[in-house]
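My entries follow in the order in which I looked things up.

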Amino acid sequence: MINAAKYTLTLKNHSSQFHRFAVFQTFQDASESVKPLSLAWIVGAIAPGTRDQNSSSQFTWRTTYNISIINSYHIGNEMLSTNSVHMPVDIGGESGFAVTYFGDFPLGAPAFVGSVMDGQKGYLIIQSDRKIPTSERQHEENCFLKVGFSMAGRQVSVADLHPDNLYRFTLNPIYRVTTGEFYPGQIIGDEPSGNSFAIDFGDDFNKTIILKGDNFFEEEK
């Protein structure tokens with residue numbers, strides 16, 4: 001476990017309705033050419049409650065990050081071949097990885113092939129080389145390459161993997177919560193921030209959020 005901080009999030013329901021919800025993460029300072037998609041990271045439900053009748057849902061996790069390179073090959077209509085490779089990420093260090101593709105596309109595999117020397121503390125850097133097939137080539141072969149991020153063993157975000165590209169992501173995410181029907185790993189959307197509540201942990205890794213209605217949240221003081 002590498003530099004893993006422990007977080008606790010408690011969600012209290014002060015509304016008269018049963019709610020489903022999702023916690024997800026957004027990343028600032030992503031490279032302009034790459035737009036990671038936020039995924040439903042924690043999915044839960046909470047019973048109706050009031051200020052006096054406490055109904056709550058609590059989650060505890062550690063900030064253990066992993067980065068994955070994923071190759072999904074759609075072979076015809078009824079067969080899917082997937083291979084992947086995973087690496088732990090030191091969020092307190094300088095994490096930089098070089099990525100390439102081995103073999104003849106699409107019957108090959110992506111791989112990490114070393115470190116990126118100009119890494120930055122608190123950021124994840126990924127440098128892909130020219131052996132990564134272009135987006136056009138991936139669509140021609142119905143074989144798609146992705147960069148995946150996971151925290152505490154659950155997938156957080158995914159981005160397309162393109163050739164000869166530098167990916168730069170901060171490892172200080174913004175946690176957000178929204179109500180609605182979700183399943184784990186579901187894409188939240190291209191603009192997820194507008195219909196959600198930002199959870200500002202700051203230096204306090206234990207937060208309580210009160211739900212008062214559909215996407216109406218406030219922090220407990």
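I began with strand β2 (residues 19-26), which is joined to strand β14 (residues 174-179) by six bridges, the two running antiparallel. Within this pair I found Phe21 opposite Thr179 in β14. For my own record, two strands pair if DSSP finds at least two bridges between them, and strands (E, at least two residues) and helices (H or I, at least four) are DSSP runs numbered from the N terminus.

The model is a predicted one, in which local features need pLDDT of at least 70 and side-chain atom pairs count only at pLDDT 80 or more, while totals for chains, interfaces and linings use all residues. Residues are numbered from 1 along each chain as its sequence is written, and side-chain values use heavy atoms, with hydrogens and water left out.

Next I checked confidence, given as pLDDT, the predictor's confidence in each residue from 0 to 100. The protein has a mean of 87, and 89% of its residues reach 70 or more.

In β13 I looked up Tyr167, which counts as buried at 0% relative accessibility (buried is under 20% relative accessible area, exposed over 50%, partly exposed in between, with a 1.4 Å probe and protein chains only). A polar atom of the Tyr167 side chain lies 2.8 Å from the backbone oxygen of Asp160. Pro36 is 131 residues away from Tyr167 along the chain, yet their C-alpha atoms are separated by 10.0 Å.

I then turned to β12 (residues 154-160), which is joined to β3 (residues 37-39) by two bridges in an antiparallel arrangement, with Leu37 and Val158 as bridge partners. β12 is also antiparallel to β11 (residues 143-151), through six bridges, and here Phe149 is partnered with Ser157. β11 and β12 form a hairpin with two residues between them, and Ala152 in the turn has a positive phi of about 55 degrees.

Ala152 is partly exposed at 36% relative accessibility. Asp164, in the loop between β12 and β13, also has a positive phi, of about 50 degrees, although it is not a glycine, and Asp164 is partly exposed at 48%. A cis peptide bond, with omega about 10 degrees, joins Phe105 and Pro106, and Pro106 is in the loop between β8 (95-102) and β9 (109-115).

My last entry concerns Thr8 in strand β1 (residues 6-13), which is buried with a relative accessible area of 13%. Its side chain makes a polar contact of 3.3 Å with the side chain of Thr60 (a pair of N or O atoms within 3.5 Å; within protein, one must be able to donate a hydrogen and the other to accept it, and residues adjacent in sequence count only if both atoms are side-chain atoms).
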